[in-house]
Amino acid sequence: MNICIVAGARPNFVKVAPIMAAIDKAHAQGRDVACRLVYAGIDADSTLEQSLFDDLQMRRPDVFLGVDCVSLNELTGRVMGEFEKYLENNPTDVVIVVDDLASTMAAAIVTKKQGIRLAHLVAGTRSFDINMPKEINRLVIDGLSDLLFTAGEGASNTVTREGVQRSQIYQVGNILMDTLRANYARFRRPKLMDELQLEEKGYIVFTLNRKKLINDRENLRLMLKALLEAADGTPVVAPLRGVARKTVEDLLASINLPLENIHLVEPMGYLEFGYLTAHAKGIVTDSGNVAEEATFNGVPCITLNSYTEHIETVRTGSNVLVGEDPQCLRETVADMVAGQWKKCSIPDRWDGRSAERIVQILLS
């Protein structure tokens, strides 16, 4: 069996790594299976530093489609054209696409037009906001897929309600936990913890990436103020990059508060960031992936959004949604600092064995 895995952006590789490892293991055991990793972007993509692949213990993509543009519609068209050429020249039995990017949707459409089986990793996630481009991508990809690999019961129920046959849905668990579990013993304590004199369970990690949050500067200023006031002297470590970092720097300058307890630091590799978040007192983030890992680690987490793609992090795990409400953030951070948090556990099948299940399903 020839499997093609398509990745469209850096976060996809964290989810792809365990599947590639499971396929390699099956091949070493004599199973007739092989995979090729295709990246929609360019080889020179600055986000794909070699340390990422070293940290994840995986090889770089076998093929780069070379698409590099800002317009989502142009990107979709170009990925379709390039991926079609790839499939015409490389015998493929199954294509696995990841998440909900425009490039993911493009690869899914071409796969089905070529009459090849399509599997969607992390299927069934929904915001229920049709104005979000990614929501349209999710609906299209799940509608086309032959195999839908979901992380939990919520996602499985969603695609069932949308008319997908139960025989196509496989609740395999959260693939991120495979990567986390496989690398936990390899996590590296960041040097900055010593430089900033941070004690384990004595600091809050803050991450920010969502454009809607960043662009509403006045509300973000109020949220930063609420975070720092409620932290009450607890150090806040913020690994930020690009526009997010520049915006936060500008807004902090306008907040009439002591700033010695917030530390803007450079983004970290997977192993160092994993250590930082796993040993934090709590996390404030707008990242679903960070919230999912916090649930696995049992670390209190506040998500700056009104919804989550994986409701299990809220129902079972350590995650609390506060939307974009500064006052709600203030109250929840105060609870976090005081150690007053809900009881939480790991959701069903978030056990680090999702990749094994996926490969077994493909081979059967």
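Setting aside neighbours within four places in sequence, isoleucine 96 is in contact with Ile3, Cys4, Ile5, Val6, Ile19, Ala119, Leu121 and Leu362. Please keep in mind that this is a predicted model.

So where does Ile96 belong? Ile96 is one of the residues with the most contacts inside the largest nonpolar core, and that core has 62 residues. Ile5, Ile19 and Leu121, which touch Ile96, are also on that list, along with Phe13, Met58 and Phe149. Which helix gives the most to this core? That is helix α1, residues 10-28, with nine residues. There is also a second, separate core of 28 residues, and among its members are Met223, Leu227, Ala230 and Leu252.

Now let's step back to the whole protein. We have 16 helices and 13 strands. The C-alpha trace spans about 60 × 40 × 40 Å along its principal axes. For 364 residues, a compact globule would have a radius of gyration near 21 Å, and the protein, at 21 Å, agrees with that. Of the 364 residues, 54% are buried. If we take contacts with a separation of 6 or more, 69% of them join residues 24 or more positions apart.

Last, the surface and the charges. The protein exposes about 15900 Å², and 48% of that comes from carbon and sulfur atoms. As for charge, there are 40 positive and 48 negative side chains, and the centres of the two sets lie 3 Å apart.

Conventions: Residues numbered from 1 in each chain as written. Predicted model: local features only at pLDDT ≥ 70, side-chain atom pairs only at ≥ 80, totals over all residues. Heavy atoms only, no water. Helix = DSSP H or I, 4+ residues; strand = E, 2+ residues; numbered from the N terminus. Rg over C-alpha atoms; globule rule 2.2 N^0.38 Å. Buried < 20%, exposed > 50% of the residue type's maximum accessible area, 1.4 Å probe, protein only. Contact = heavy atoms within 4.5 Å. Areas by Shrake-Rupley, 256 points an atom, 1.4 Å probe, with all protein chains shown as cover. Lys, Arg positive; Asp, Glu negative; His and termini not counted. Charge placed at Lys NZ, Arg CZ, Asp CG, Glu CD. Core = buried A, V, L, I, M, F, W, Y, C linked by side-chain atoms within 4.5 Å.
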